[in-house]
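Subject: Structure handover

Hi,

Here is the structure I promised you. Please open it alongside this email.

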Amino acid sequence: MQAWVDGCPADALSLTSRGLAYGDGLFETVAVRAGRPVLFERHLQRLEAACARLAIEPDLSRVRDEMVRFAAGLDEGVMKLILTRGDSLRGYAPAPDAPARRILQGSAAPSYPAGHYEQGVQLFECQTRLAEQPLLAGLKHLNRLEQVLARAEWRDPRYAEGLMRDTSGRPVEGVYSNLFLIRNGVLLTAALSRCGVAGVMRGELLDQAQTLGIAVDIRDLSMSDLEQSDELFVCNSVYGIWPVRGFAQLNWPVGPLTRKLQSIARVLLGN
């Protein structure tokens with residue numbers, strides 16, 4: 001694995017890192033194709049908005065430059081940026097003059113079975129719930145214990161993803177993906193005002209739907225919405241779109257709108 005810390009090759013991190021001690025930071029996972037970060041501007045826009053909300057103040061032009069150079073050296077794979085509030089001594093209060101710390105990691109692209117893309121996937125019914133915290137809702141922050149616990153719930157290879165719900169039982173997203181439903185030609189996805197991650201591919205697909213004249217409904221979802229859906233799929237910015245063929249006792253075909261959006265996502269990711 002390749003790694004930089006603050007723009008320099010490194011294989012260690014300060015023990016006083018607030019990212020290590022408190023999960024005080026953000027991250028972006030970016031696909032890299034032919035030395036170029038994919039959907040780069042959307043990743044940077046999300047990062048900038050998240051930094052503003054959490055009052056983390058990095059030099060974003062430096063972050064951009066380092067990510068471009070790192071991606072060029074990686075050539076093909078996945079680049080992960082971890083941005084922390086920096087270092088501080090014991091206690092929750094951050095040091096007022098501590099600079100944000102930039103960590104870049106590069107790895108090979110994950111290899112997924114072709115069947116995930118072609119025939120679709122089965123979702124595991126996760127019992128771990130997403131806590132509601134509006135200040136953090138939508139952000140890709142470093143506090144991922146909910147996802148860690150949810151992913152630990154299954155080892156059966158029949159399940160490629162798990163469905164996560166909030167504390168009221170509303171379906172929100174996958175463990176590492178966003179969830180979309182299709183009913184009567186309308187594209188539905190969960191509102192992320194209380195919890196969940198506003199994925200880069202999610203945002204891109206919502207924009208593409210608007211361009212294509214596809215009706216979109218962003219709101220609180222219910223389990224009955226799943227039962228009444230014609231198609232389901234999950235998505236992220238590394239693999240694109242996987243159709244969902246089953247969850248618990250429910251089953252769906254791989255429908256035409258899912259296939260259409262899947263083709264668009266494939267082009268966006270350079271696959």
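This is a predicted model: local features need pLDDT of at least 70, side-chain atom pairs count only at pLDDT 80 or more; totals for chains, interfaces and linings use all residues.

Residues are numbered from 1 along each chain as its sequence is written, and side-chain values use heavy atoms, with hydrogens and water left out.

Helices (H or I, at least four residues) and strands (E, at least two) are DSSP runs, numbered from the N terminus. Two strands pair if DSSP finds at least two bridges between them.

Glu28 has Leu81 in β5 as its bridge partner.

**Strand β13**

Buried means under 20% relative accessible area, exposed over 50%, and partly exposed in between (1.4 Å probe, protein chains only). Six of the six residues of β13 are buried, so the strand is largely enclosed by the rest of the structure. Glu231, Phe233 and Cys235 point one way from β13. Leu232, Val234 and Asn236 point the other way.

What pairs with β13 in the antiparallel sense over five bridges? Strand β10 (residues 178–183) does. There, Ile182 stands opposite Glu231 in β13. Four bridges also join β13 to β14 (residues 240–247), again antiparallel. Cys235 has Ile241 in β14 as its bridge partner. β13 and β14 form a hairpin with three residues between them.

**The largest pocket**

The search ran on a 1 Å grid over the protein atoms alone. A pocket is an open set of points where a 1.4 Å probe fits, with protein on both sides within 12 Å along at least five of seven lines. Lining residues have an atom within 4 Å of a point. Grid points are joined across faces, edges and corners, and a volume is the space filled by probe spheres set on the points.

The largest pocket has a volume of about 650 Å³. It is lined by 27 residues, and the closest to its centre are Phe27, Thr29, Lys140, Tyr176 and Asn236. The elements that give two or more residues to the lining are β3, α2, β5, α5 (145–151), β9, α6 and β13 (231–236). α5 gives the most, with three residues.

**Salt bridges**

A salt bridge here is a side-chain nitrogen of Lys or Arg within 4 Å of a carboxyl oxygen of Asp or Glu. By this rule the count is 20.

- Asp156 and Arg158 meet at 2.7 Å, N to O. Asp156 is partly exposed at 26%, and Arg158 is exposed at 56%.
- Arg170 pairs with Asp166, with the closest N and O atoms 2.8 Å apart. Arg170 is partly exposed at 22%, whereas Asp166 is buried at 2%.
- Asp220 pairs with Arg194, with the closest N and O atoms 2.8 Å apart. This pair links distant parts of the chain, 26 residues apart. Asp220 is in the loop between β12 (216–219) and α7 (223–227), and Arg194 is in the loop between β11 (186–190) and α6 (200–212).

**Single residues**

Asp6 has a positive phi of about 50° although it is not a glycine. Asp6 lies in the loop between β1 (2–5) and β2 (8–9), and is partly exposed at 26%. Ala55 also has a positive phi, of about 60°. Ala55 sits in the loop between α2 (40–54) and α3 (60–74), and is exposed at 52%.

Leaving aside neighbours within four places in sequence, its contacts include Leu130, Met164, Asp166 and Cys195.

Best wishes

Notes:
Contact means heavy atoms within 4.5 Å.
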